[in-house]
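Here are some notes to read beside the structure. Please keep the model open as you go through the points.

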Amino acid sequence: MASVVADASGWVSVPRAIQAGSVLVTLFVLPVVWVGVHAVWALRGRAELFLAAGKHPRRRPTDRQMVDHLRDEHPLTPLWWMVSVLGGLGTLCLGVALPYALADGAVVAGALLGTGLAVSLAALLLAVSGIRRAARQGAEDRRRRAELWSLPSAVERRLTNSLLGAGDGGHLGV
């Protein structure tokens with residue numbers, strides 16, 4: 001935003017490629033990195049809790065540890081949903097733009113759009129399989145948690161809240 005304002009006011013000339021790149025990084029890369037870092041943190045904590053439970057079966061984790069690391073959805077579920085949404089949007093946008101680029105005879109643009117379309121479709125397929133795999137792992141976590149610890153009802157209610165706020169692990173804006 002600062003580069004657009006600086007360019008518009010004439011203070012500094014910022015190339016459009018840098019502006020477009022910063023917008024793409026802000027909109028797509030940073031959210032995926034943030035969700036990925038959160039998922040790695042949750043996966044590490046989840047593994048530590050189950051490892052501690054194997055060594056000390058009578059010692060139940062604190063409620064805060066349970067709420068932070070063991071939810072009814074797998075920690076990678078939000079990342080897979082984000083990849084699926086971005087892949088779906090990319091497929092939609094590139095699928096609409098591809099015929100227009102080819103109709104104008106822009107071979108290079110058509111090749112780039114076609115490659116992007118193939119990558120978006122592959123990301124979408126990968127995300128759908130990841131969502132299914134994460135759902136299976138979340139069910140396995142529920143089973144293991146039920147075997148190891150009995151949860152108080154207030155903690156059970158907090159654990160049923162998904163990371164993104166929707167019951168199926170999807171984003172509220174989807």
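**Notes on the predicted model**

1. Burial first. The chain has 174 residues, and 30% of them count as buried. The model is predicted.

2. Overall make-up. The chain holds six helices and zero strands. Read from the N terminus, the order of elements is α-α-α-α-α-α. Take the contacts in the chain with a separation of 6 or more: 72% of them join residues 24 or more positions apart.

3. Helix α2. This helix covers residues 16–55, which is 40 residues. From first C-alpha to last, α2 reaches 57 Å, close to the 58 Å expected at 1.5 Å a residue. Where is the kink in α2 centred? On Val 25, with an angle of about 40°.

4. Buried positions in α2. Gln 19 is one of the buried residues. Val 35, Gly 36, Ala 39 and Ala 42 are also among them. An α-helix has 3.6 residues a turn, so residues three or four places apart point the same way.

5. How many aromatic pairs does a search of the whole structure find? The search finds zero.

6. Annotation. The unreviewed UniProt entry marks residues 20–43, 79–101 and 107–128 as "transmembrane region". In the model, residues 20–43 are 100% helix and 0% strand, with end C-alpha atoms 34 Å apart. Residues 107–128 are also 100% helix and 0% strand, and their end C-alpha atoms are 31 Å apart.

Notes: Residues numbered from 1 in each chain as written. Predicted model: local features only at pLDDT ≥ 70, side-chain atom pairs only at ≥ 80, totals over all residues. Heavy atoms only, no water. Phe/Tyr/Trp six-rings, centres within 6.5 Å; stacked < 30°, edge-to-face > 60°. UniProt positions renumbered as here; feature names shortened; annotations may be inferred. Helix = DSSP H or I, 4+ residues; strand = E, 2+ residues; numbered from the N terminus. Expected span 1.5 Å × (residues − 1). Bend = angle between axes of the 7 residues up to and from the residue. Buried < 20%, exposed > 50% of the residue type's maximum accessible area, 1.4 Å probe, protein only. Contact = heavy atoms within 4.5 Å.
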